[in-house]
Amino acid sequence: MVIHAQFLKEGQLAAGTCEIVTLDRDSSQPRRTIARQTARCACRKGQIAGTTRARPACVDARIIKTKQWCDMLPCLEGEGCDLLINRSGWTCTQPGGRIKTTTVS
């Protein structure tokens, strides 16, 4: 068995990985939390930063270009994904009916 070690400089990401850089939450409105997240990704050719299972991930660039957000599996396991009418994002519906809305900017 051969193990390949990839040595990275400090602050450098491995190809195909992402990390959360900032996460801001605003809970000032009742029953509503607004979260803004910024991620840094080192994606391979043909990929672009996206979201898989509610975490930043490298996804097929075609998904982003065509705004077929649910194709990148952005919701957690067991949640349903639906595109927003204007394709500006998606909703994740939990089995209990709670809905999380994500918009892309």
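Me: How many strands does the open sheet have, and in what order do they stand?

Reply: This is a predicted model. In it, three strands form an open sheet in the order β5-β6-β7, and their pairing is antiparallel. β5 and β7 are the edge strands; each has a single partner, so one side of each is left without a neighbour in the sheet. On average, and with direction ignored, neighbouring strands of this sheet are turned by 20° against each other.

Me: How many bridges join β5 to β6, and which residue stands opposite threonine 91?

Reply: As a general idea, side chains in a regular strand alternate between the two faces of the sheet. In the present case, β5 and β6 run antiparallel and are joined by four bridges. Aspartate 82 is the residue that stands opposite threonine 91 in β6. The hairpin of these two strands has five residues between them, and arginine 87 takes a positive phi near 60° there.

Me: How many bridges join β6 to β7?

Reply: Five bridges join this antiparallel pair. Cysteine 92 stands opposite lysine 100 in β7. The hairpin of β6 and β7 has five residues between the strands, with glycine 97 taking a positive phi near 100°.

Me: Is β6 mostly covered or mostly uncovered?

Reply: β6 is mostly covered, since four of its five residues are buried. Glycine 97, by contrast, lies in the loop between β6 and β7 and is partly exposed, at a relative accessible area of 45%. Between the C-alpha atoms of glycine 97 and glutamate 79 there are 9.5 Å in space, while the two residues are 18 apart in sequence.

Me: How many salt bridges does the structure hold, and which residue pairs with glutamate 19?

Reply: There are three salt bridges in the structure. In one of them, glutamate 19 meets arginine 40, with 2.7 Å from N to O. This pair links distant parts of the chain, as glutamate 19 is in strand β1 (residues 17–26) and arginine 40 in strand β2 (residues 34–42), 21 residues apart. Both ends are partly exposed: glutamate 19 has a relative accessible area of 32%, and arginine 40 has one of 33%.

Me: Which residue forms a salt bridge with arginine 62?

Reply: Aspartate 71 does, and the closest N and O atoms of the pair are 3.9 Å apart. Aspartate 71 is partly exposed at 43% relative accessibility, and arginine 62 is also partly exposed, with a relative accessible area of 43%.

Me: What is the volume of the largest pocket, and how many residues line it?

Reply: The volume of the largest pocket is about 1,600 Å³. Its lining consists of 34 residues, and those nearest its centre are Ala35, Gln37, Thr101, Thr102 and Thr103. Two or more lining residues come from each of β1, β2, β3 (47–52), β4 (55–60), β6 (89–93) and β7.

Key: Residues are numbered from 1 along each chain as its sequence is written. This is a predicted model: local features need pLDDT of at least 70, side-chain atom pairs count only at pLDDT 80 or more; totals for chains, interfaces and linings use all residues. Side-chain values use heavy atoms; hydrogens and water are left out. A salt bridge is a side-chain nitrogen of Lys or Arg within 4 Å of a carboxyl oxygen of Asp or Glu. Buried means under 20% relative accessible area, exposed over 50%, partly exposed in between (1.4 Å probe, protein chains only). On a 1 Å grid over the protein atoms alone, a cavity is a set of points where a 1.4 Å probe fits but cannot get out, and a pocket is an open set with protein on both sides within 12 Å along at least five of seven lines; lining residues have an atom within 4 Å of a point. Grid points are joined across faces, edges and corners, and a volume is the space filled by probe spheres set on the points. Two strands pair if DSSP finds at least two bridges between them. Axes are lines fitted to C-alpha atoms, for helices over the stretch in contact, and angles run from 0 to 180 degrees between N-to-C directions.
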